[in-house]
Amino acid sequence: MSITAHQVVTLHYVLSDVLNDGSKQVLDDSQARNKPLEYLHGHDNIVPGLESALAGQTAGAELSVQLMPADAYGVRNEALVQEVSRGSFGNAELEPGSRFQTEGEAGPQIVTVLEVDGDRVTVDTNHPLAGRTLNYKVTILDVREATRAELAKGHPLPPGTEHSKVEDRKVL
């Protein structure tokens, strides 16, 4: 079965990028974690460039995909680096590199602390992988039709989840 919209795909991947010195840096490895990725194709569950590269592939396929920033987590936007009040973080311990998830205008977003200077904190709301060229090595393990419940929810669900127990979130 070829990967098309409304199918659940299970795969293993190794995500890496290339450092300035030319060496590869592995950022994530689903096989090393013994946890394959399962996603609903055509429902924006994964970065757009990877989803496009997987379209038409079948179980057993192995492929390498290089994604430019615009096809992955976007280009860096320096306007998303801002200075905010320390009070915005409550009692949280802050140091450069600390990350928090907050609710942004378009949904959840990751905030990275760049600098703490007294009552002022410089934060970056770009995705941590924004602006980076990413390399995926993918092995497709399984492709199956999504259940009615998965289509209603917009992502894969545990086996046996009944559609009557799921609130519709997506319109097909």
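The legends below describe an overview and several close-up views of one predicted protein model.

In this predicted model, local features need pLDDT of at least 70 and side-chain atom pairs count only at pLDDT 80 or more, while totals for chains, interfaces and linings use all residues. Residues are numbered from 1 along each chain as its sequence is written, and side-chain values use heavy atoms, with hydrogens and water left out.

View 1. The protein chain holds two helices and nine strands, where helices (H or I, at least four residues) and strands (E, at least two) are DSSP runs numbered from the N terminus; their order along the sequence is β-β-β-α-β-β-β-β-β-β-α. The C-alpha trace spans about 55 × 45 × 30 Å along its principal axes. Among contacts (heavy atoms within 4.5 Å) with a separation of 6 or more, 61% join residues 24 or more positions apart.

**View 2. The aromatic pair Y13 and Y136.** Two aromatic pairs are counted in the model, under a rule by which rings of Phe, Tyr and Trp (its six-membered ring) pair if their centres lie within 6.5 Å, with planes under 30 degrees apart counted as stacked, over 60 as edge-to-face and the rest as tilted. The ring centres of Y13 and Y136 are 6.2 Å apart and their planes stand at 55°, so this pair is tilted. Because Y13 belongs to strand β1 (residues 7-18) and Y136 to strand β9 (residues 134-145), the pair ties together parts that are 123 residues apart in sequence. Both Y13 and Y136 are buried.

**View 3. The aromatic pair F89 and F100.** Here the ring centres of F89 and F100 lie 5.4 Å apart with their planes at 50°, so the pair is again tilted. F89 sits in the loop between β5 (81-85) and β6 (99-104) and F100 in strand β6, so the parts tied together are 11 residues apart in sequence. F89 is buried at a relative accessible area of 17%, whereas F100, at 25%, is partly exposed.

View 4. With a relative accessibility of 6%, S16 counts as buried. When its neighbours within four places in sequence are left aside, S16 is in contact with K24, Q25, V26, L27, T133, L134 and N135.

**View 5. R148 in helix α2.** Helix α2 covers residues 148-153, and R148 counts as exposed at 59% relative accessibility. The C-alpha atoms of R148 and H6 are separated by 9.8 Å, although the two residues are 142 residues apart along the chain.

**View 6. Positive phi values at N34 and D44.** Most residues other than glycine have a negative phi. Phi of N34 is positive, near 55°, and N34 lies in the loop between β2 (24-29) and β3 (37-40), where its relative accessibility of 66% counts as exposed. Phi of D44 is likewise positive, near 60°; D44 is placed in the loop between β3 and α1 (48-54) and is exposed, with a relative accessible area of 68%.

Conventions. Buried < 20%, exposed > 50% of the residue type's maximum accessible area, 1.4 Å probe, protein only.
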